Amino acid sequence: MVLLDKDQIKALIPHREPFLLIDEIAALDPGKTCTAVKYITENDFWVSGHFPGYPVTPGVLMIEMLAQTGGVCIASMPGHGGKLGLFAKIDDAKFRRQVVPGDKLELTVTVKKIRSSVAVCDAEAHVGKEKAVTACLTFAFAAKTPKQMSIETE
């Protein structure tokens with residue numbers, strides 16, 4: 001079931017193609033948990049070069065997919081819209097399964113603690129019942145400056 005589509009995701013986080021790396025939100029409890037889906041396809045920008053003839057989704061991009069999922073979870077909370085979520089820390093990242101074209105990657109972020117300017121989240125991604133990635137992500141929130149806002153509209 002699709003709870004939020006790409007246009008609705010774009011209303012919550014600032015990412016845009018080609019760097020918007022989640023396709024839909026399947027579950028959302030604002031400020032608590034969020035599950036996103038990324039359908040890995042032959043058309044994804046990294047497939048032809050990572051690695052030719054053996055396409056594997058880069059681990060760093062899967063961490064970014066989890067971060068965007070966390071961004072939706074937090075931005076959907078009252079009072080948090082319009083803030084930029086920036087990485088403050090990535091702990092205990094483990095890559096447990098290769099993710100390739102044809103896989104449906106389910107990304108779940110659960111907020112462990114949140115304050116006005118920082119959130120700590122447990123994050124994991126699965127393909128079916130197999131864990132692909134786990135990590136603990138810490139985000140710092142920054143208000144957009146007028147310069148940042150003008151860049152977005154150009």
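## Pairing of β3 and β6

In this predicted model, L84 stands opposite A142, a residue of strand β6. Strand β6 covers residues 130–143, and its pairing with β3 is antiparallel, over 10 bridges.

## The sheet

Strands β3 and β6 belong to an open sheet of six strands. Read across the sheet, the order is β1-β2-β4-β5-β6-β3, and the pairing is antiparallel. The edges are formed by β1, residues 24–29, and β3, residues 83–95. Each of these edge strands pairs on one side only. On average, and with direction ignored, neighbouring strands of the sheet are turned by 20° against each other.

## The helix across the sheet

Helix α2 spans residues 59–75. This helix lies across β1, β2, β3, β4, β5 and β6. Among these strands, β2 runs over residues 33–39, β4 over 104–114 and β5 over 118–127. The angle between α2 and β4 is about 55°.

## G85

The relative accessibility of G85 is 46%.

Leaving aside residues up to four places away in sequence, G85 touches A140 and F141. G128 lies 43 residues from G85 along the chain, and the C-alpha atoms of the two glycines are separated by 28 Å.

Notes:
Residues numbered from 1 in each chain as written. Predicted model: local features only at pLDDT ≥ 70, side-chain atom pairs only at ≥ 80, totals over all residues. Heavy atoms only, no water. Pairing = 2+ DSSP bridges. Helix = DSSP H or I, 4+ residues; strand = E, 2+ residues; numbered from the N terminus. Axes fitted to C-alpha atoms, helices over the stretch in contact; angles between N-to-C directions. Contact = heavy atoms within 4.5 Å. Buried < 20%, exposed > 50% of the residue type's maximum accessible area, 1.4 Å probe, protein only.
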